[in-house]
Amino acid sequence: PEVKISDLLRTDFPANFTFGVATSAFQIEGATQEGGRGPSIWDTFCREPGRIRDGSNGDIACDHYHRLDEDLDLIARLNVSAYRFSVAWPRIQPTGSGAANEEGLAFYERLIDGLIARGLEPHLTLYHWDLPQALQDLGGWTHRDTAYRFAEYARIVAERLGPKVKSIATLNEPWCSSILSYQIGEHAPGWNSRPAALAAAHHLMLGHGLAMQQMRALNLKAELGLVLNLDSAYSDTPDDLPGVQLADGKFNRWFLDPVLRGQYPHDIWVHYGNDVPDVHAGDLDIMQAPLDFLGVNYYSRTFVSAAGRKPPGATYTDMGWEIYPQGLTDLLVRLHHSYSDLPPLLITENGAAYPDELGTDGQIHDPARVEYIQQHLNAVREAITAGVDVRGYFAWSLMDNFEWAYGYGKRFGLVYVDYQTQARTLKDSAKWYQGFLG
Ligand code: PNW
């Protein structure tokens with residue numbers, strides 16, 4: 001059905017559909033040496049010359065650690081019903097194992113209580129890439145033992161905070177914390193080894209499964225799940241279809257199939273040859289633990305062309321990522337048809353970077369971001385109409401923040417952050433979301 005996207009209404013979505021905004025700990029908190037926090041691999045990585053485009057680090061970031069109440073008020077002003085945040089493992093276990101650091105737990109308890117007091121649902125992510133450096137010194141995710149350390153950390157957090165939150169996701173985007181981090185080397189710890197990356201991916205997914213076991217035993221009301229970054233792959237010629245299958249297999253199926261089918265995808269296993277991970281008996285059963293939800297982070301599509309062609313007429317965000325909302329509908333519908341035991345889906349991240357500037361009128365006009373979000377919400381609506389069980393949507397991000405290897409140069413926020421003053425200003429996109437939800 002032809003719907004003018006600007007006419008998209010809250011009532012086009014189910015009444016109990018969750019709308020929220022998302023962030024992660026390292027990208028916004030700052031205060032990296034406070035509250036008993038230990039160093040993470042991102043603190044180390046930022047100090048290595050050439051790793052971060054603008055030479056920045058997470059020491060101050062959005063100073064969220066010191067501005068918690070102000071930021072909770074900001075979230076509430078957007079009229080959302082939910083907030084997705086992550087817990088910094090090195091605040092809870094400064095060296096990645098052993099007793100819990102009470103100050104760390106207390107900070108997140110204050111955050112959660114503050115959300116509840118404002119009528120907002122807390123959605124907690126356990127691991128958004130900030131591995132304690134002490135565990136990296138032992139090999140990081142290439143070391144099988146890290147999976148068991150992660151499960152222990154999950155139990156500590158879930159015991160204390162689990163009773164108060166709506167959902168707990170184990171990992172955010174294991175493709176990023178394995179392939180992008182240990183093979184491509186763009187993220188911490190910056191390695192360049194495919195076998196190391198595949199071992200890391202295996203141990204991440206094993207850690208996910210072990211954490212699920214630990215948390216299930218607590219009989220929490222919270223929904224337990226996993227967040228993957230997924231995209232749809234396309235080509236403009238049948239000659240490129242093998243390339244499409246390969247891209248889809250490495251990016252999507254390598255992570256989906258162990259969790260939803262209890263097996264690695266055969267074609268990709270063969271493709272990886274001698275680089276495949278050491279899988280112990282029983283690992284895949286652990287990884288296949290039932291999920292209450294699957295979180296999907298979607299930003300763009302993959303266009304495969306051996307000849308190097310670009311999709312005609314394509315438009316791009318400031319990340320150089322193509323804007324392709326149809327890819328989100330296609331992805332959701334495909335998940336629905338390909339996986340028989342698919343849990344309910346949450347869009348846990350979606351958004352766009354643009355080089356926003358504070359105008360002379362004191363406003364930030366970001367019409368391209370407004371359009372991006374409207375188009376992708378419409379894409380979600382179309383998937384729901386097609387029968388896919390999507391329960392919520394979280395815009396990435398609440399506010400501009402530390403965009404990993406790009407530092408502060410890429411702005412994903414609905415709220416503008418002036419890093420000199422730490423002043424927060426609602427962009428037009430925040431006002432649009434506020435009005436849409438209000
Ligand atoms: C995600 N890639 O990162 C993360 O979950 C966020 O922390 C991040 O700020 C956001 O998306 C925007 O980048 C990704 O290279 C980073 O395909 C890189 C990729 C995908 C996701």
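**Figure 1. Arg301 and the faces of two tyrosine rings.** In this predicted model, Arg301 lies over the face of Tyr324, at 3.7 Å from the ring centre. Arg301 also lies over the face of Tyr234, here at 5.0 Å from the ring centre. As for confidence in the prediction, the protein chain has a mean pLDDT of 98, with 99% of its residues at 70 or more, and the predictor assigns the complex an ipTM of 0.89 and a pTM of 0.97.

**Figure 2. Aromatic pairs of two geometries.** The structure contains 39 aromatic pairs. In one of them, the ring centres of Phe107 and Tyr108 are 5.0 Å apart and the ring planes stand at 80°, so this pair is classed as edge-to-face. Phe107 counts as buried because its relative accessibility is 5%, and Tyr108 is likewise counted as buried, at 0% relative accessibility. For the rings of Trp432 and Phe436 the centres are 4.9 Å apart and the planes are at 15°, under the limit of 30 degrees, so the pair is stacked. Both Trp432 and Phe436 belong to helix α15 (residues 428-437), where they are 4 residues apart, about one turn of the helix, and both residues are buried.

**Figure 3. A cluster of aromatic rings that includes Phe45.** Ring pairs connect Phe26, Trp42, Phe45, Trp129, Phe402, Trp404, Tyr408 and Tyr419 into a cluster. Among these residues, Phe45 is located in helix α2 and is buried, having a relative accessible area of 1%. Between the C-alpha atoms of Phe45 and Val279, which are 234 residues apart along the chain, the separation is 29 Å.

**Figure 4. The loop between helices α2 and α3.** Arg51 is placed in the loop between α2 (41-46) and α3 (68-77), and with a relative accessibility of 25% it counts as partly exposed. Although Arg51 and Ala405 are 354 residues apart along the chain, their C-alpha atoms are separated by 6.4 Å. Asp63 also has its place in the loop between α2 and α3. The phi angle of Asp63 is near 55°, a positive value in a residue other than glycine, and Asp63 counts as buried at 13% relative accessibility, since the limit for burial is 20%.

**Figure 5. The kinked helix α10.** Helix α10 (residues 241-261) spans only 24 Å between its end C-alpha atoms, whereas a straight helix of 21 residues would span 30 Å at 1.5 Å a residue. A kink of about 55° occurs in α10 and is centred on Arg253. Just after α10, Gly262 adopts a positive phi of about 70°.

**Figure 6. The enclosed strand β2 and the strands paired with it.** Of the 5 residues of strand β2 (residues 82-86), 5 are buried, so the strand is largely enclosed by the rest of the structure. The side chains of Ala82, Arg84 and Ser86 point one way from β2, those of Tyr83 and Phe85 point the other way, and all are buried. Strand β1 (residues 18-22) runs parallel to β2 and is joined to it by 3 bridges, with Ala22 standing opposite Arg84 in β2. Strand β3 (residues 121-127) also pairs with β2 in the parallel sense, over 5 bridges, and there Phe85 stands opposite Leu124 in β3.

Figure 7. Strand β11 (residues 415-418) pairs with β12 in the antiparallel sense over 4 bridges, and Tyr416 stands opposite Thr425 in β12. Gln422 counts as buried, at 6% relative accessibility.

**Figure 8. Two cis peptide bonds in loops.** Ala188 and Pro189 are joined by a cis peptide bond with an omega of about 10°, and Pro189 is located in the loop between α8 (174-183) and α9 (194-216). A cis peptide bond also runs from Trp396 to Ser397, with omega near 10°. Ser397 has its place in the loop between β10 (390-396) and β11.

Conventions: Residues numbered from 1 in each chain as written. Heavy atoms only, no water. Phe/Tyr/Trp six-rings, centres within 6.5 Å; stacked < 30°, edge-to-face > 60°. Buried < 20%, exposed > 50% of the residue type's maximum accessible area, 1.4 Å probe, protein only. Lys NZ or Arg CZ within 6 Å of the ring centre and 35° of its normal. pLDDT = per-residue confidence, 0-100. Expected span 1.5 Å × (residues − 1). Bend = angle between axes of the 7 residues up to and from the residue. Pairing = 2+ DSSP bridges.
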